[in-house]
Amino acid sequence: MRGVVMYAPGDVRVEEREDAKIVEPTDAVIRVTAACICGSDLWPYRGIEALNGPTPMGHEYIGIVEQIGDDVRDIKVGDYVVGSFVASDNTCEICRAGYQSRCVHNVMMGSVGTQAQLARIPLADGTLVATPGAPDADLVPSLLAASDVLGTGWFAAVAAEAGPGKTIAVVGDGAVGLSAVLAAKQLGAERIIAFSRHPERQALAREFGATDIIEERGDAGAARVKELTGGYGAHGVVEAVGTEESMWQAINSARPGGYVGYVGVTHGVKLDGLDLFFTGVHLHGGPAPVRRFLPELIQLIWDRAIDPGKVFDLTLPLEDAAEGYRAMDERRATKVLLTL
Ligand SMILES: [Zn+2]
């Protein structure tokens, strides 16, 4: 099968890989119908995260089930499926509490590499959710978004306690941040403040439900949120970047007693305990339990109530994945969809 392999920072190749196959009886193998490049794939691409030799890439996927292991009961060959970027059994206590991304048996899908024609999905029954049928072509980008960025933005908005009457600020205008704006709107937030300096992303944020845009960053950005909220700060803030500056921007944008939903994979963030202590905010985040939200998100997409697929602004065939990485690295694209 053809698949994406990263050899070194900046060196992405599409090459022949061994066909995915059933290894454990709880596995399924899917024929991937669309995959994409994640903002987190840029960390190794930029050399910020170490690579351990040539690495198959990709953890977002939708596709059609081709094979199932002997112990797979619910998922069937021929099902059109969406899954999370973390495989989970969906039966342990952590899963049942809604934290499937930290399942005691979790498998990070990045270790599988879903930017490929075929993908092995561990714990298929717990990981995959079948759609009501084969989707219309225009629903494919949105279903793919549900696999990671939408589910992650949704979790962040839930963790930020978005709801009626609430003011929610969103740090990060990438695909996850924009999805969090959409989620906050769906969850009923009254006011949604998006931080962004990019005109196109500002426009999409507004389309997704942002009521205010702030271009300042860091302390200046947080100060603007305070100005817009009568000096209080937002009820809840989504952090969707993962740097020290963005984390403090989020924490300082929240009011005492407020909530920060942090989903940006942190790199080099060190929070001073005493500084944190006096903010009095709730911090709730980590790898998003996308599986918790997938059935609801798939239905919203199926009913055309939401259109998160708009975060994709570049579509390329899998064979041109290297150009997709370049475009995202150079910020010519927010999110790249790979067709197969
Ligand atoms: Zn579990």
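At what angle do the axes of helix α6 and helix α7 cross, and within what distance do they come? In this predicted model, the axes of α6 (residues 175-186) and α7 (residues 199-208) come within 8 Å and cross at roughly 20°. Angles under 35 degrees count as roughly parallel. The helices α6 and α7 are therefore roughly parallel to each other. Their crossing is right-handed. From α6, the contact takes Leu178, Val181, Leu182 and Lys185. From α7, Arg201, Leu204, Ala205 and Phe208 meet them. By class, the contact of α6 with α7 has 6 nonpolar residues, 2 charged residues and no polar ones.

Now step back to the whole chain. The domain assignment gives domain 1 as 2-148 + 289-339. Domain 2 is assigned as 153-285. Taken over C-alpha atoms, the centres of domain 1 and domain 2 are separated by 26 Å. The contact between them draws 14 residues from domain 1 and 13 residues from domain 2. On the side of domain 1 that touches domain 2, 9 residues are nonpolar, 3 are polar and 2 are charged.

Next comes the parallel sheet. It is open and has 6 strands, in the order β13-β12-β11-β14-β15-β16. The pairing is parallel. At the edges stand β13 (212-214) and β16 (282-285). Each edge strand has a single partner, so one side of each is left without a neighbour in the sheet. From one strand to the next, the twist averages 20°.

Strand β11 (residues 167-171) and strand β12 (residues 191-195) pair in the parallel sense over 4 bridges. Which residue of β12 is the bridge partner of alanine 169? The partner is isoleucine 193.

Helix α5 (residues 149-159) touches β11, β14 (234-239), β15 (254-262) and β16. The direction of α5 makes about 160° with that of β15. Helix α8 (residues 218-228) lies across β11, β12, β13 and β14. The angle of α8 to β13 is about 150°.

Helix α8 also has a helical neighbour to trace. The axes of α8 and helix α9 (residues 244-253) come within 8 Å and cross at roughly 20°. The helices α8 and α9 are therefore roughly parallel to each other. Helix α8 passes α9 in a right-handed crossing. The residues of α8 in this contact are Gly218, Asp219, Gly221, Ala222 and Val225. Those of α9 are Glu245, Gln249, Asn252 and Ser253. The contact of α8 with α9 divides into 2 nonpolar, 5 polar and 2 charged residues.

Return to α5 for another helix pair. How do the axes of α5 and helix α11 (residues 290-302) cross? They come within 9 Å and cross at roughly 105°. Angles of 65 to 115 degrees count as roughly perpendicular. That makes α5 roughly perpendicular to α11. In α5, the residues that meet α11 are Leu150, Gly151, Thr152, Trp154 and Phe155. Their counterparts in α11 are Val290, Phe293, Leu294 and Leu297. By class, the contact of α5 with α11 has 7 nonpolar residues, 2 polar residues and no charged ones.

The last stop is an antiparallel sheet. It is open, with 3 strands in the order β2-β1-β4. The edge strands are β2 (11-16) and β4 (55-56), and each pairs on one side only. Strand β1 (residues 2-8) and β4 pair in the antiparallel sense over 2 bridges. Methionine 6 stands opposite threonine 55 in β4. Helix α12 (residues 321-329) lies across β1 and β2. The direction of α12 is at about 160° to β2.

How values were computed. Residues are numbered from 1 along each chain as its sequence is written. This is a predicted model: local features need pLDDT of at least 70, side-chain atom pairs count only at pLDDT 80 or more; totals for chains, interfaces and linings use all residues. Two strands pair if DSSP finds at least two bridges between them. Two residues are in contact if their C-beta atoms, placed from the backbone, lie within 7 Å. Axes are lines fitted to C-alpha atoms, for helices over the stretch in contact, and angles run from 0 to 180 degrees between N-to-C directions. Angles under 35 degrees count as roughly parallel, over 145 as roughly antiparallel, 65 to 115 as roughly perpendicular and the rest as oblique. A crossing is left-handed if the near helix is turned anticlockwise from the far one by less than a right angle, and right-handed if clockwise. Ala, Val, Leu, Ile, Met, Phe, Trp, Tyr, Cys and Pro count as nonpolar, Asp, Glu, Lys and Arg as charged, and the others, Gly among them, as polar. Domain bounds come from an automatic or database domain assignment.
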